[in-house]
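Reader: I have a structure open and want to learn how to read it. Where do I start?

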Amino acid sequence: MIISPKPGVLQIHIIDFDDENNIINKNVLLHQVGEIWHISASPADKGVLATCYNKTSDSKVVTCAAVWRMPKELESGSHESPDDSSSNTQTLELLCHLDNTAHGNMACVMWEPMGDGKKIISLADNNILLWDLQESSAKAVLSSSAALEGKGQLRFTSGRWSPHHNCTQIATANDTTVRGWDTRSMRQIYSIENAHGQLVRDLDFNPNKQYYLASCGDDCKVKFWDTRNVTEPVKTLEEHSHWVWNVRYNHSHDQLILTGSSDSRVILSNMVSISSEPFGHMVDDDELSDQEEQHQEEKIKEPLQDSVIATYEEHEDSVYAVEWSSADPWLFASLSYDGRLVINRVPRALKYHILL
C-alpha cells in the first residue's frame with residue numbers, strides 16, 4: 001500500500017498495487033484542512049498517519065501538523081477501487097493536532113522507527129519538538145524540545161530518526177548543515193558544516209550500519225557519512241544534473257540506494273563498498289556444493305564495485321519522492337510534481353546476483 005499526497009489538491013490517495021496482476025487500485029481521502037506538504041505513516045499502526053499542511057490564519061499562510069486515522073476498510077489493503085475513484089472519496093478522522101503556535105511552521109513529522117507509535121518528533125522552523133501521543137493518539141503532549149541557535153533565520157528543512165542506538169538519535173538538516181541530536185538530552189552530538197554546497201534536501205540512515213547516514217541536496221550530490229568522523233564523506237554520488245530531493249536506503253539490502261531529482265530522473269545505485277555486505281551476500285558453507293563454494297571464495301577475495309544499476313526516465317517533471325516498499329524489498333515507487341506515480345522493480349538479474 002502506498003500513501004501519497006496530491007500537490008495543490010486537498011486529497012490523500014491510497015494506492016494498492018496488485019503485484020501478481022500489475023494492477024493499481026486507488027482510493028481518495030479528503031484532507032480538508034489544507035494543502036499537504038509532508039506525509040508520514042506510523043510504523044506501528046498502518047491506519048494512522050501524520051501530515052504537515054498549509055492553512056491561512058490571520059491573513060498569513062502557516063504550516064501546521066496533525067495526526068489522522070484512515071477509514072478501517074482501507075487499512076486491510078484488500079478493497080476494490082471503482083473506475084471513477086472520485087466517486088469513492090472518504091474523510092480522514094482527525095486524532096489530534098500538534099500545536100505549533102509558539103514554535104513556527106512545521107517542516108516534517110518523524111515517527112519513532114521501532115516504537116509503539118506513541119512518540120513523534122516534529123521540526124518547526126528552528127525547533128525540535130518531541131511529542132507523546134496519549135489517549136489512543138487523541139492527545140499530543142509536548143515532552144521535550146530544543147532550539148537551533150545561531151545567526152540569521154535558521155530553519156530546519158528535513159530530518160530522520162535513526163533506527164539504531166535504541167532510537168535515541170535523530171539527524172536534521174538546515175541550510176547546508178547536517179546535525180545529530182540525542183533525543184534524551186535534546187543536545188547536539190555531531191555537526192557536519194557545509195555537508196553540501198547548497199541546501200540539504202533529505203537524509204536517511206542505513207538500516208543495517210548504525211553510524212552511516214546519507215544526505216542529498218541542491219548541489220546535485222548524494223553523500224554518505226560515518227557520523228563518528230564527519231570531516232569528509234565516505235562516498236559521494238554525482239549522477240544527477242539538478243537538485244536531489246530524496247535519498248532512500250533499501251530496508252533489507254542496504255547497498256541499494258534510490259534517489260529522485262528535479263532532473264526528472266530516478267537513479268538506482270549499488271553502493272556495495274559501504275554496505276553491510278561489501279563482499280556480497282554470505283551463505284552458510286554447509287549449503288554450498290564444491291563448485292558453488294569455489295565460486296563463493298572467488299567472490300570474497302575483493303569487494304564488489306559500486307555502480308549505477310539503472311536510470312529511470314518515466315517522469316516528465318521533478319521527482320519529489322522515492323520510497324521502497326516495506327513489504328517487498330525489490331519494489332519501489334516514485335512521485336513527481338505533475339502527480340505521476342511510477343512503480344518499478346529492481347532488475348531481476350541484480351536481485352539474483354545479490355541473493356545467490
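**Burial, contacts and salt bridges**

Author: Start with Thr259, which is buried, with a relative accessible area of 3%. Buried means under 20% relative accessible area, exposed over 50%, partly exposed in between (1.4 Å probe, protein chains only). This is a predicted model: local features need pLDDT of at least 70, side-chain atom pairs count only at pLDDT 80 or more, and totals for chains, interfaces and linings use all residues. Residues are numbered from 1 along each chain as its sequence is written, and side-chain values use heavy atoms, leaving out hydrogens and water.

Reader: Which strand holds Thr259?

Author: Strand β22, residues 256–261. Strands (E, at least two residues) are DSSP runs, numbered from the N terminus.

Reader: Which residues does Thr259 touch?

Author: Contact means heavy atoms within 4.5 Å. Leaving out residues up to four places away in sequence, Thr259 touches several residues, among them Val222, His240 and Ile267.

Reader: How many salt bridges are there?

Author: A salt bridge is a side-chain nitrogen of Lys or Arg within 4 Å of a carboxyl oxygen of Asp or Glu. The count by this rule is 12. In one of them, Lys119 pairs with Asp132 (2.9 Å, N to O). This pair links distant parts of the chain, with Lys119 in strand β10 and Asp132 in strand β11, 13 residues apart.

Reader: Is Lys119 buried or partly exposed?

Author: Partly exposed, at 31% relative accessibility. Now take the salt bridge between Arg201 and Asp218 (2.7 Å, N to O). Arg201 is buried at 19%, and Asp218 is buried at 8%.

Conventions: Helices (H or I, at least four residues) and strands (E, at least two) are DSSP runs, numbered from the N terminus.
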